[in-house]
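Here is a short report on ring contacts and the chain interface. The structure comes first, and the reading follows.

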Number of protein chains: 2
Amino acid sequence: MRIHIQNAPDDPLFAITGLQWDEAAACAGAARHSLTIAETKESLAAALAAAEALIAPPAALAAPFPPAPHLRLIFCTTAGVDVLAPFTHLPPHAVLVCNRGIHGEKAGDYAIMALLMLAAHMPALLAAQQEARWEPRYSSPLSGRRLTIIGLGPLGAAAAARASAFGMIVTGLTRTGASHSPCAATLPITALDETLAATDFLLLACPLTPATRNLLDRRRLSLLPSGAGVVNIGRGAVLDEEALADLLDAGHLGGAVLDVFAREPLPPDHRLWRTRNLVLTPHISADDPATYNPRTLDRFFAALAALACGAPIPNAVDFARGY
Amino acid sequence: MRIHIQNAPDDPLFAITGLQWDEAAACAGAARHSLTIAETKESLAAALAAAEALIAPPAALAAPFPPAPHLRLIFCTTAGVDVLAPFTHLPPHAVLVCNRGIHGEKAGDYAIMALLMLAAHMPALLAAQQEARWEPRYSSPLSGRRLTIIGLGPLGAAAAARASAFGMIVTGLTRTGASHSPCAATLPITALDETLAATDFLLLACPLTPATRNLLDRRRLSLLPSGAGVVNIGRGAVLDEEALADLLDAGHLGGAVLDVFAREPLPPDHRLWRTRNLVLTPHISADDPATYNPRTLDRFFAALAALACGAPIPNAVDFARGY
């Protein structure tokens with residue numbers, strides 16, 4: 001099969017190498033493919049004239065999409081494909097597959113770190129450190145605190161498992177509300193309003209879709225009890241960033257840890273850089289460079305195998321649902 | 001029995017109240033004691049003329065110790081009693097008991113938070129946030145990293161349990177080297193030098209004694225591999241703070257999280273406030289205000305019961321050992 005890998009330009013950390021391909025292909029018993037690897041827009045267009053499968057980051061899949069008459073599989077190297085919606089620019093004869101499932105362990109570590117930091121008042125303590133102020137603020141352990149997680153995909157599930165091991169009382173909110181074992185309760189997202197009022201920590205771990213965009217608007221964020229904490233490892237536009245900043249600056253919310261933003265990179269003059277009791281990180285919560293490419297390629301080969309035998313392709317994107 | 005509680009002056013968060021006493025005494029079935037509670041030095045001296053048992057923070061137990069002819073039990077409200085060494089000023093007819101064992105859960109949460117922060121390069125990311133710089137630094141999960149813990153008392157044991165649940169490979173170093181289940185290995189402290197060379201993260205959780213003072217001196221800290229991280233939740237003087245700051249500023253060590261310092265409060269002009277890749281907190285890692293006093297009083301009553309029936313008193317301080 002003719003396969004093309006399009007890497008992001010100047011990205012030594014996450015660019016897929018020929019060596020990584022060879023190792024993954026050998027592991028999958030799939031050595032007889034014809035492979036091209038490139039970085040430039042022109043190389044992509046040239047490769048797509050013949051390619052049957054494409055591996056690429058979302059930026060390379062943006063409109064306009066070059067003619068790709070033989071393309072059957074588009075494997076996006078990120079889990080979120082929101083920037084490609086509504087997907088109408090993609091060739092209709094190709095299946096879009098997302099890279100869902102490789103981010104859980106790292107994201108679970110980040111989520112529990114963020115919750116521990118909020119419970120320990122670290123945002124205020126870090127601000128005090130900046131000004132050399134010795135101002136003890138004491139706190140209780142995570143155990144017994146009420147955590148609400150929106151989205152129980154790989155990220156939310158990893159966070160739920162960690163949090164429940166720390167004794168947190170975890171409520172999961174999902175589209176369907178289907179039960180999920182590490183959660184004390186799982187409810188459909190329609191129960192959001194009443195759940196927020198009984199939440200000590202809110203963790204956003206859902207994809208960005210028409211149904212989740214601005215889900216945590218000003219009204220809903222205001223339903224969180226005084227002193228509550230917010231963590232976002234999903235997508236920035238799921239919450240109203242201005243409203244969150246207002247609630248933090250006013251002292252209604254106790255703190256927040258954000259790894260994702262409506263606009264990335266966050267512009268240097270954005271108010272979130274200096275919002276009170278807010279810790280922000282530059283979208284690093286879920287990507288482990290030591291394992292990212294090997295796991296990505298393993299999933300690509302699994303998708304290819306399913307395609308070859310006509311089986312359902314894991315992580316094929318449902319365009320209507322948006323993930 | 002005549003019992004006196006000496007609270008620290010102006011400490012509403014941790015001052016033991018009459019209500020807390022009544023609840024703990026009822027729980028222990030020990031309601032027939034005669035109790036005094038005070039804060040001033042003069043009140044302590046007056047109470048000690050008659051008191052048979054004393055509950056007090058270490059500052060109230062410093063030399064000179066007022067005459068206390070009837071005193072049989074001194075219950076120190078902290079776990080560390082290093083500031084009272086060599087203990088020669090205390091009345092020889094009273095047993096000194098420390099408050100060991102109530103800090104584990106909170107300290108375990110803090111320790112794993114600190115390790116997660118170091119693994120995620122949070123010190124560097126927090127510095128970037130201060131300057132509104134979007135500079136992603138990626139990292140791998142904690143799983144598989146080598147953690148060395150010095151001291152497996154309640155703090156070290158709680159950290160070991162948490163870290164091993166995250167898949168870390170934990171080596172414990174103690175006086176005796178007796179085996180300890182969450183650790184992959186437990187070694188006597190004499191194996192320190194060779195263990196440091198194979199350490200990704202070093203966690204100090206031991207008491208300050210003549211044997212541990214400056215244990216992590218400049219030579220030993222330099223044995224840590226490049227990029228290693230250091231966490232201290234024990235006592236500041238266990239490590240050479242100047243040497244640690246030099247190794248951090250030079251970029252040899254990857255980061256550090258310190259909650260304890262040789263001098264507390266840390267003076268505003270101390271270099272640690274501004275050392276590179278260092279997060280510091282004001283000795284808050286182990287004290288949970290929601291449970292501190294009830295658990296303290298439970299332990300006091302256990303000590304009192306042991307004293308009354310001539311049984312060995314839990315957490316009686318061994319003056320030669322220093323804890």
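## Aromatic pairs

A search of the whole predicted model finds 17 aromatic pairs over all chains. Rings of Phe, Tyr and Trp (its six-membered ring) pair if their centres lie within 6.5 Å; planes under 30 degrees apart count as stacked, over 60 as edge-to-face and the rest as tilted. One pair is Phe14(A) with Tyr292(A). The geometry is edge-to-face, at 5.3 Å centre to centre and 75° between the planes. Phe14(A) lies in the loop between strand 1 (2-6) and helix 1 (18-28) of chain A, and Tyr292(A) in helix 9 (residues 292-309) of chain A, so the pair ties together parts 278 residues apart in sequence. Helices (H or I, at least four residues) and strands (E, at least two) are DSSP runs, numbered from the N terminus.

Buried means under 20% relative accessible area, exposed over 50%, partly exposed in between (1.4 Å probe, protein chains only).

## A ring cluster

Phe75(A) and Phe300(A) have ring centres 5.9 Å apart and planes at 90°, so this pair is edge-to-face. The pair links distant parts of the chain, 225 residues apart: Phe75(A) is in strand 4 (residues 73-76) of chain A and Phe300(A) in helix 9 of chain A. Phe75(A) and Phe300(A) are buried. Ring pairs join Phe75(A) and Phe300(A) with Trp21(A) and Phe301(A) in a cluster.

## Charges over rings

Arg321(A) places its charged end over the ring of Tyr323(A), 4.0 Å from the ring centre. The rule requires NZ of Lys or CZ of Arg within 6 Å of the ring centre and within 35 degrees of the ring normal.

## Interface

Chain B puts 50 residues in contact (heavy atoms within 4.5 Å) with 50 residues of chain A. The area buried between the chains is about 4,400 Å², and carbon and sulfur atoms give 68% of it. Buried area is the accessible area (1.4 Å probe) that two parts lose on being put together, summed over both. In chain B, Gln129(B), Trp134(B) and Tyr138(B) lose the most area to chain A, together 19% of what that side buries.

How many salt bridges does the rule find across the interface of chain B and chain A? The count is 0. A salt bridge needs a side-chain nitrogen of Lys or Arg within 4 Å of a carboxyl oxygen of Asp or Glu.

## Confidence and conventions

Chain A has a mean pLDDT (the predictor's confidence in each residue, from 0 to 100) of 97, and 100% of its residues reach 70 or more. The model scores ipTM 0.96 and pTM 0.96.

Residues are numbered from 1 along each chain as its sequence is written, with chains lettered from A and ligands numbered from 1 in the order in which they are written. In this predicted model local features need pLDDT of at least 70, side-chain atom pairs count only at pLDDT 80 or more, and totals for chains, interfaces and linings use all residues; side-chain values use heavy atoms, leaving out hydrogens and water.
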